[in-house]
Amino acid sequence: MNEKTNEDDATSRSNDTIRGGNGSAVDEDSNEMAAGMLSTNPADEPPPDGGWQAWLVLLGAFIVTVHAFGIANSFGSFQTFYETDLLEDHPSSDISWIGSLQAALLTLSGIISGPLYDMGYFHYLLGSGLFLVVFGMFMTSLCTAYYQVILAQGVAVGLGCGLMFLPATALLSQYFARRRSLALGIQSAGSPFGGIIFPIIFSRLQPMIGFGWATRVIAFILLATAPIPLIFMKPRLPPPKQKRAFLDNTAFTDIPFILCGIGCFFAFLGIYVPFFYVELYSIHFKIADPYLSSYLLTLVNAGSIFGRLLPNIYAPLLGAMNMLTGACFGAAVLAFGWLGIHNLAGIIVFSLFYGFFNGGVTSLPPTAVVTLTQDLSRIGGRLGMIFVMIGLSTLIGNPIAGVILGNGDAVSSWQKLIVFSATTLLAGSFFFLLSQIFHIRKQKKSSANSQ
């Protein structure tokens, strides 16, 4: 609705710099002096919103997302292999901790990487993150025991993802303003892109060359693409001279921001349940054979590509919080619909459409946080705080789902698992709606006070 206000503030402030504090025109010499200052100080220039440098930075951010969320979204294939082969003596809830720890560290690390990005340590975060992801996948290929997989795939890969993902996302705000939502949507499409190719690679190669080499092929792909963000991703603006605290204390009194954080916690508590269990669900109920079932996760990620692009394209027009609320509610409705799916056509349609709405929920929070943040110099810290809420949620969500499922023999266990996913998504959409309502009230009150 009124969410374009924050994005227009920077432009209006730049115009005021040239026209004078009250917006009136100044003499020609003053204009020339102001133009000279703008040309020499990048901090006074608006984001380019295009050009080779901006698009190459976006390419680097896309690759970072492939490395981070692409790997995390592929864990369903590893989960099925671990439960049926490598770690078959461990219960489903234990195996879920591997993927949950990886996804949690991806987002929890934002509480560290966000403020460090604000302080100017972008290159250190990016380099160390890329190294840990590649190193962790190579080490995963050598694992034979549960604790080894936890350390390699859970801790090393998860921490590496967390160190680089948030800074890569925050960097886009230095290069895009009017097209920021589109840029974030393109960047987030790296998640389903990786979530499509990596499960296919693993499921096709593992029976032929074994778990170790199938995982190493993925690691070599990550290694080959790592130089792209290292070369092209560079901060356009210098870090602020005043060092800020790791936590943005103003966020604790910002009601819309707090409600958005609560919504993220509930939404991400159950949003990855289909990612982890749709393949196993299909095999258990004999909806499809194991080979065909392995492609269901690919279909979820394929649907997610459109779900990440389209909502972000229309977010500037319809409002990021409105789109986030609708996407989360749509995912909840589809999750409830999962209860009645018992045939191949149904599970395929569910996978595609759930992936679409899932893509909106997982890609829109950064855009929503930008619209809720008046001072964009605090965006790294605030994104870190939101990612902590998401990280805590993903850490416990899938293990809870694993406990609910148990050994999966009873139909009622699967029904409880699905209801858990659906109700948490429904709760998330409710808090997103409340956040938008309070955000609109806050904007109206601010406009009235300024008049």
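## Salt bridges in the model

Two salt bridges turn up in a search of the whole structure. The model is predicted. Both contacts are described below, pair by pair.

## Arginine 382 and aspartate 254

The side chains of arginine 382 and aspartate 254 form a salt bridge, with an N to O distance of 3.0 Å. The pair joins distant parts of the chain, 128 residues apart. Arginine 382 sits in helix α18, residues 379-405. Aspartate 254 sits in the loop between α11 (227-232) and α12 (255-270).

Arginine 382 has a relative accessibility of 5%, so it counts as buried. Aspartate 254 is buried too, because its relative accessible area is 5%, and the cut-off for buried is under 20%.

## Lysine 442 and aspartate 254

Aspartate 254 also pairs with lysine 442 in a salt bridge; here the closest N and O atoms are 3.4 Å apart. Lysine 442 belongs to helix α19, residues 411-450.

Lysine 442 has a relative accessibility of 38%, so it counts as partly exposed. That class runs between the buried limit of 20% and the exposed limit of 50%.

## One network

The salt bridges share partners. Aspartate 254 takes part in the bridge to arginine 382 and in the bridge to lysine 442.

Key: Residues are numbered from 1 along each chain as its sequence is written. This is a predicted model: local features need pLDDT of at least 70, side-chain atom pairs count only at pLDDT 80 or more; totals for chains, interfaces and linings use all residues. Side-chain values use heavy atoms; hydrogens and water are left out. A salt bridge is a side-chain nitrogen of Lys or Arg within 4 Å of a carboxyl oxygen of Asp or Glu. Helices (H or I, at least four residues) and strands (E, at least two) are DSSP runs, numbered from the N terminus. Buried means under 20% relative accessible area, exposed over 50%, partly exposed in between (1.4 Å probe, protein chains only).
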